[in-house]
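Please keep the sequence and the model in view while reading.

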Protein chains: 2
Amino acid sequence: MSFDDQIARWGVPPEPIKLKAGMVAFLNERVGKLHPSPQAGRTNVEVPDSRISEGVLSEFQSALSAESVTTDADARLAHSGGFSYLDIVARRGVEPKVADAVIFPTSKEDVVKLLALAEQYRLAVVPFGGGTSVVGGVRADAEVSENSDGFNGILAVAFDKFADLVGINDVDMTVTVQPGMTGPALERLLNPRGLTLGHFPQSWERASIGGYAATRSSGQASSGYGRSNEMIESLTVVTPRGEFHLGVAPGTAAGPDLRQVFIGSEGAFGFITSITLRIRRLPEVTRYEGIMFPTYESALAAFRELKQAQVKTAVLRLSDPQETATNLTMAVEGRTATALNKYLEVRKVAGGCLAIVSWEGTSAQVKADRSQTWTVFKKHRGVSLGRKVGDGWEHARYSGPYLRDVLMDQGLLVETLETATRWSNMENLRNRVYQALTDSLRAGNPDAPGPHIMSHLSHVYDTGGSLYVTVVAEVEADDPVGQWERAKQAACQAIVEAGATITHHHAVGRDHAPFLAEEIGESGVELLRSIKAQVDPAGIMNPGVLVS
Amino acid sequence: MSFDDQIARWGVPPEPIKLKAGMVAFLNERVGKLHPSPQAGRTNVEVPDSRISEGVLSEFQSALSAESVTTDADARLAHSGGFSYLDIVARRGVEPKVADAVIFPTSKEDVVKLLALAEQYRLAVVPFGGGTSVVGGVRADAEVSENSDGFNGILAVAFDKFADLVGINDVDMTVTVQPGMTGPALERLLNPRGLTLGHFPQSWERASIGGYAATRSSGQASSGYGRSNEMIESLTVVTPRGEFHLGVAPGTAAGPDLRQVFIGSEGAFGFITSITLRIRRLPEVTRYEGIMFPTYESALAAFRELKQAQVKTAVLRLSDPQETATNLTMAVEGRTATALNKYLEVRKVAGGCLAIVSWEGTSAQVKADRSQTWTVFKKHRGVSLGRKVGDGWEHARYSGPYLRDVLMDQGLLVETLETATRWSNMENLRNRVYQALTDSLRAGNPDAPGPHIMSHLSHVYDTGGSLYVTVVAEVEADDPVGQWERAKQAACQAIVEAGATITHHHAVGRDHAPFLAEEIGESGVELLRSIKAQVDPAGIMNPGVLVS
């Protein structure tokens, strides 16, 4: 991994991203001035020496293998944090937290051995799958000190080399993988056999399957395929106090579902060493469509009615007016834009909300499902923008993080956050979050036209949905870290006050941990602590996430 | 509740059940001789005196209300066990275990107070919702003794008077209820508003919503509506060490899903005091159909392909050849039977497997879903038996437990058990369970033609399904209890050896508890113990179920 392309940035985009003139004007008008701010090179980043002795590291090498451990500075830097805005800011020069060594297990046995040694030498172990956490879930951040609470060092445990296929069962329609496998690697194995997992989070290009499970991730086609936690048939978890093999059958009433204790446990209880997921046959037909609704209210009502009527869709996504305007500005300019705007006016949906819907299955299924969808959408004055708009979204579905790199290069703060709530609370939630972010960011930057805040409904359920919010603002040059910390804090506070969840699919990590008790109560936090005490009495497992 | 009609029996059937001559002949041929054995009357059942002092009981009365506590023998008998075969045998005269008092909380506050008093006086508390457990989940069975481990008495905590509607939200499509409400009571509230929960377990007429949650129950329309655990949006649980309010949003990644720790916890951790479930609109159209497949293999393949193709159905149920033959014998006789058999032969499905399928929704949805279903079924040589057969099943969907009463009156052992596994293991599982039951029951009764064993696939998933087995045998008069205990033990052993779940929807209770470690491992059992120690350190909550 090169620092410039893959550590300080999300990566090299498949197609170069150029901000069109219309987009620059839009940003100037809505956010503020652009200040070209090329990323710092590797030499600007200081990586401290490892605090773990060679003697201890050689014990890990004896137990696992010589090549399983490294203290190489670049490797440590690459495996010590995720991809939140502040993680990237840190790796662009604000002294990132860096693990003392990276260890690469290749088997369950390696994990058992490394946990035993880590406990023996009181080393914190921080898991690193794809490293795509945006909530500090894989940040090498634990107290290293000579206090009795402190650790003697931090090990990043990377699953890059524990990433093989275990097996495919196309009768049961399951696949079993090791935790480090990525989504693209899995689809490359499944697709030629006519199979798919159907899980496509925006982090898909980098994220690991173990990470899906550890964070309860949700993919863009969740409406058709469900969340990751619904896809997981069984899993093996190694903790410092024993192994768990959970999920013998597709449905069971054999007590509490202990899989759900480990799914979403973010490495705080144990490391997942094997995962069996349900898979599907690749659909014969996939059809995307763009739809414009006249107002946010009409679009919300249409989405709610569609989902509650059990109409099958795969992708179901609704941008609010702010995001719709932004996307249209980015997508079209010049005469095309004029023509489009005219069309939207004629159809009475100008200033409205853009929805993306996809249907999958046999051609009969797609035809029937699309027809049922339009029965609902017509009632709410939805207007088709055709397949092209849908296909365009599909084509650019992973582009967000690359675009963020480009906007950060222009001196902008760009971050996302997400939550979920029931239908009747959706507009209240959105208003509160927008207000909190606006107030916080304006306070530090009163002369800027921004922040620019926009959102989409990213995952839809019978009873509600997830709100995915993007914030773009001028950076406060004298305190870029504090600027976002304060804004994020204000947004989290607004979310809990609205009675919504602190996270729909990004997980808790270190960043949301202070708000967990607001959601599950002190009793809930105490219960998590007691579970952790049972399986990780020394508290070495990813300390700082969830409850520690 | 009268003893004769509702305590020693499931109840008075809506229509009298008469065994037709053909059925009697069938039983004689497949099971053995019928011995009319009318149930014992109330006077044959001895109810021991309460072991809890009046002074202690009056403290409960002071804290709750005077009418909240009773030691009436009939009330204690009615609230001290479930409806397994052995529970009924016990209440027909083999000294049932009886709680020392019944307590009727009416609010969350009552539950908080009664748990504090129970802990103070070291009384075991056994929950009683609808009392339909068939696995000893509500049996008043805990060690009462002066040992340090022993309790001073057993309280049955009945939720009959804590059974109100809290609220309906038809925007979010949720309903909130108190734990004691039954399914019929809920549907009577929802249906006039055009709403339904859609959860119809065979125990529906008696079971409580709190019981659904406590046992992870599954209804007959699970293919369309999901399991109870999938319907539960949020719940409140009172434990001896704090309250839990879980489930703020329809999707969340805020750590492990702690709802799933309490769902299926069978009263061993706490008592559920409020449940919010997702609901649906009543379908415009519901269409049932009976389908005959030529062989078990072809039918299994059809069901598997249907589910994996994401075709929507509500009920999806497949009888094996033994159950199909039994059902046809019960349903038709004389000339109708001859004509039917002729038709089945002509259509090449004689001796085959009967499936029941239903579709729900708008007429367009039902039409599309049924058409997609038949695209699959035709490939596997399914033959429609028309709506009448489907409607007939629907009409008799709750008749099983009444029929059991009638067969028990004829001196027969009748019991059911269930499990689940993935598709590739289904036939192995079925063979092993049948063999184990046959061997065990033949050993004690070598001259009988039985046992008669039959099953159906009762709940179907992408990756597998649930096998619901019915056993009918001559009673071993000298040891009726041991006879079934040995057979059940053999079946459980076969299930765990086949790698299937010890229970798909009946829960663990006291009867399956010895097998739980086979399914979730010693680590899993230890984790459950540590959770129990956290929330119920005195161990008063339904001792004996799950892990204690």
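Leaving aside its neighbours within four places in sequence, with which residues is L155(B) in contact? The residues in question are A99(B), D100(B), A101(B), I103(B), A118(B), L123(B), A124(B) and V125(B). Here two residues are in contact if their C-beta atoms, placed from the backbone, lie within 7 Å. This is a predicted model, in which local features need pLDDT of at least 70 and side-chain atom pairs count only at pLDDT 80 or more, while totals for chains, interfaces and linings use all residues. Residues are numbered from 1 along each chain as its sequence is written, and chains are lettered from A and ligands numbered from 1 in the order in which they are written.

A residue is buried if 20 or more other C-beta atoms lie within 10 Å of its own, exposed if 12 or fewer, and partly exposed in between, with C-beta atoms placed from the backbone. In soluble globular proteins, nonpolar side chains tend to be buried together.

The overall form of chain A comes next. Chain A contains 20 helices and 18 strands; helices (H or I, at least four residues) and strands (E, at least two) are DSSP runs, numbered from the N terminus. Chain A has a radius of gyration of 23 Å, close to the 24 Å given by the globule rule for 548 residues, so it is as compact as a globular protein of that length. That radius is taken over C-alpha atoms, and the globule rule is 2.2 Å times the number of residues to the power 0.38. Along the principal axes, the C-alpha atoms of chain A fill a box of roughly 75 × 60 × 45 Å. Of its 548 residues, 58% count as buried. Among the contacts in chain A with a separation of 6 or more, 77% are between residues 24 or more positions apart.

Chain A is divided into domain 1 (41-158), domain 2 (165-281) and domain 3 (285-395), with bounds that come from an automatic or database domain assignment. Between domain 1 and domain 2 of chain A, the C-alpha centres are 25 Å apart. Their contact takes twelve residues from domain 1 of chain A and 18 residues from domain 2 of chain A. On the domain 1 side, helix α6 (residues 108-120) of chain A gives the most, with five residues. By class, this side of domain 1 of chain A has five nonpolar, five polar and two charged residues. Ala, Val, Leu, Ile, Met, Phe, Trp, Tyr, Cys and Pro count as nonpolar, Asp, Glu, Lys and Arg as charged, and the others, Gly among them, as polar.

How do the two chains relate? Chain B is superposed on chain A by a rotation of 180° with 0.0 Å of shift along its axis (RMSD 0.0 Å), which is the relation of a two-fold axis. The superposition is by least squares on the C-alpha atoms of residues with pLDDT of at least 70 in both copies. The same surface serves both copies, since 100% of the contact residues of chain B recur in chain A. In the interface, 74 residues of chain B are in contact with 74 residues of chain A. Elements that each supply at least two residues of the chain B side include β9 (242-246), α15 (363-379) and β16 (412-422) of chain B. The most is given by α20(B), with eleven residues. The residues of this side of chain B divide into 28 nonpolar, 34 polar and twelve charged.

Some local features remain. Most residues other than glycine have a negative phi, and most peptide bonds are trans. A cis peptide bond, with omega about 10°, joins G450(A) and P451(A), and P451(A) is in the loop between α18 (426-444) and β17 (452-460) of chain A. In chain B, a cis peptide bond joins G450(B) and P451(B), with omega about 10°. N542(A), in the segment after α20 (516-535) of chain A, has a positive phi near 35° and counts as buried, with 29 C-beta neighbours inside 10 Å. M173(B) has a positive phi near 60° and lies in the loop between β5 (165-169) and β6 (174-177) of chain B. M173(B) is buried, with 23 other C-beta atoms within 10 Å.
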